[in-house]
Amino acid sequence: MNGAAGERALIDDVLADPVNAALAARLPSLELPQCHLTAGCVFQARWNRLAGEPPGHGVNDYDVFYFDDADLSWEAEDAVVQAVGALTRDLGATVEVRNQARVHLWFEMRFGSHYPRLRSAREGIDRFLIRCTCVGLDVASGELYAPDGFEDLDNGILRPNAHFKQPALFRRKAEDYRRRWPWLVVAE
């Protein structure tokens, strides 16, 4: 399901998870620039509905991306992490917050490969290892960002992302998803 109907259906799937719904309602109060709810808590909401699983099934954490290049210090990002933590503590879920303006500073040390400096939160979403997982919900506007559409997401097809080729990391991530949703298909 593509187009406006596919977008609305995915937003409905995302907000069916009470943690996602709470995050979407609460995060705008922090006025984080380019703030998106993204990664597994978004695309896995679709897989859960398609598989007949309850909202939140298999979701390890809830990812929040924002982009603030005014202060690239760890202290500035940590202040946002602490603010989000205080805002969401009652949800009983792990919320991972990352300033996408800083990823290039730590990525190579953590994952062993170069990562270019990003210009937006959406560029961070564009670099997920698996193409159909490049989705995010802008919490200020409610707009869904899905540059590759929904066809592979709806069909459970896991393809490497041409914008961020990491074959070993792709395989590891794809197999992790297949452990939780065995009907997914890896297409390299």
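Trainee: How far apart are the closest N and O atoms in the salt bridge that R178 forms with E175?

Mentor: This is a predicted model, and the distance is computed from its atoms. Both residues belong to helix α8, which spans residues 167-180, and they sit 3 residues apart, about one turn of the helix. Between R178 and E175, the closest N and O atoms of the salt bridge are separated by 3.7 Å.

Trainee: How many residues apart in sequence are the parts that the pair R26 and D90 ties together?

Mentor: The side chains of R26 and D90 meet in a salt bridge at 2.7 Å, N to O. R26 lies in helix α2 (residues 18-26), whereas D90 lies in the loop between α4 (74-88) and β3 (95-99), so the parts tied together by this pair are apart in sequence by 64 residues.

Trainee: Which of the accessibility classes does D90 fall into?

Mentor: R26, the other member of the pair, has 24% relative accessibility and counts as partly exposed. D90 has a relative accessibility of 57%, and because the cut-off for the class is over 50%, D90 counts as exposed.

Trainee: How many salt bridges does a search of the whole structure find?

Mentor: The pairs discussed above include R26 with D90 and R180 with D176. Over the whole structure, the number of salt bridges found is 15.

Methods:
Residues numbered from 1 in each chain as written. Predicted model: local features only at pLDDT ≥ 70, side-chain atom pairs only at ≥ 80, totals over all residues. Heavy atoms only, no water. Salt bridge = Lys/Arg side-chain N within 4 Å of Asp/Glu carboxyl O. Helix = DSSP H or I, 4+ residues; strand = E, 2+ residues; numbered from the N terminus. Buried < 20%, exposed > 50% of the residue type's maximum accessible area, 1.4 Å probe, protein only.
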